[in-house]
Amino acid sequence: MQGWRNAPRASICPLMNDLTPLPRPERQRKPDWIRVKAPTSAGFAATRELMRSKSLTTVCEEAACPNIGECWSKKHATVMILGDTCTRACAFCNVKTGMPRAVDPMEPNNVADAAAQMGLQHIVVTSVDRDDLPDGGAKQFVKVIEAIRKSNPTTTIEILTPDFRNKHEAAVEMIVAARPDVYNHNLETVPRLYPTIRPGARYYASIRLLETVKKLDPSIFTKSGIMLGLGEQRLEVHQVMDDMRSADIDFLTMGQYLQPTPRHAKVEEFVPPAGFQAYGAIARAKGFLLVASSPLTRSSYHAGDDFAKMREARAAKLAKAAVTA
């Protein structure tokens, strides 16, 4: 009888285990330094309405950017061309995956019209991956750049392109010939994590893409960014910085990865602001023209202001070189 009294409850009545609720997995709580207010301003509503009226997609919405309220209230938006469906399935990205629709021939003019109506001095244009297209979507980037130049000649243009897998040289040549002011392509994370976080891409192919831009036209500013909090190690981040500098990348952005849904890669660490400041200091010491490093930093966050700073930094660097020559 003693054995019976000490027996686990499940062995006495197995059904009791079935009735006991299973523990719920703990939800990751965001620290105070990356919490933002819900967007409610009139400027936000106006920007959303304009995007809808022009049948335009924005990465701000599709990627669930935490800065959307601030940016849209100031009538800043990052337009995402080539549709809203990506041919890749990266573990960090909230953009839907599937078979994309046909390319919209009106999209370039719609982007240019939106830029004019918003009075943009600087516009950021990105896209989904379009592995289904022979050129990866490069021609559409060119058409968008040309349309903006035609209707908004003083607007500076920043593009954030995919890697144009297996066709990057021809694609980059085509886009560089259209002369955007800034060419951005994000590395996203450290090489070790590519198989799980960015399985459809190749780290060194992305480095070569950005290197190609500089070789074709050194006057175009190049930019790239990574997310922190995915399980990367400090020295791995330093190595990415060195790889970027070897490709002569001008501008580095670093921000906190935030898990869009439970299906996506989980956050391994919430890097505190002091950690971002330390990374930023190291990056500046390595020679980048500009570094943006904070939990809420994103590729196109404050892009217009940053472009002005980058031009000033280049002018100062050239002036210093002329004096010492």
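Predicted model: local features only at pLDDT ≥ 70, side-chain atom pairs only at ≥ 80, totals over all residues.

**Exercise 1.** Does Arg165 count as buried, partly exposed or exposed by its relative accessibility?

**Solution.** Residues are numbered from 1 along each chain as its sequence is written, and side-chain values use heavy atoms, leaving out hydrogens and water.

Next, take the cut-offs: buried is under 20% relative accessible area, exposed is over 50%, and partly exposed lies in between (1.4 Å probe, protein chains only). With 34% relative accessibility, Arg165 counts as partly exposed.

**Exercise 2.** Find the salt-bridge partner of Arg165, then follow the network around the pair.

**Solution.** Step one: a salt bridge needs a side-chain nitrogen of Lys or Arg within 4 Å of a carboxyl oxygen of Asp or Glu. Arg165 pairs with Asp131, and their closest N and O atoms are 3.3 Å apart.

Step two: locate both residues. Asp131 sits in the loop between S5 and H8, and Arg165 in the loop between strand S6 (156-160) and helix H9 (168-177), 34 residues apart. Helices (H or I, at least four residues) and strands (E, at least two) are DSSP runs, numbered from the N terminus.

Step three: Asp131 also meets Arg88 in a salt bridge, at 2.6 Å from N to O. Arg88 lies in the loop between S3 and S4 and Asp131 in the loop between strand S5 (122-127) and H8, so this pair ties together parts 43 residues apart in sequence. Arg88 is buried at 7% relative accessible area, whereas Asp131 is partly exposed at 25%.

Arg88, Asp129, Asp131, Asp163 and Arg165 are linked in a network of salt bridges.

**Exercise 3.** Describe how helices H11 and H12 pack.

**Solution.** Begin with the geometry: H11 (residues 203-216) and H12 (residues 234-246) pack at about 35°, with axes 9 Å apart. Axes are lines fitted to C-alpha atoms, for helices over the stretch in contact, and angles run from 0 to 180 degrees between N-to-C directions.

Now list the residues in contact (heavy atoms within 4.5 Å). H11 brings Tyr203, Tyr204, Ile207 and Glu211, while H12 brings Val240, Asp243, Met244 and Ser246.
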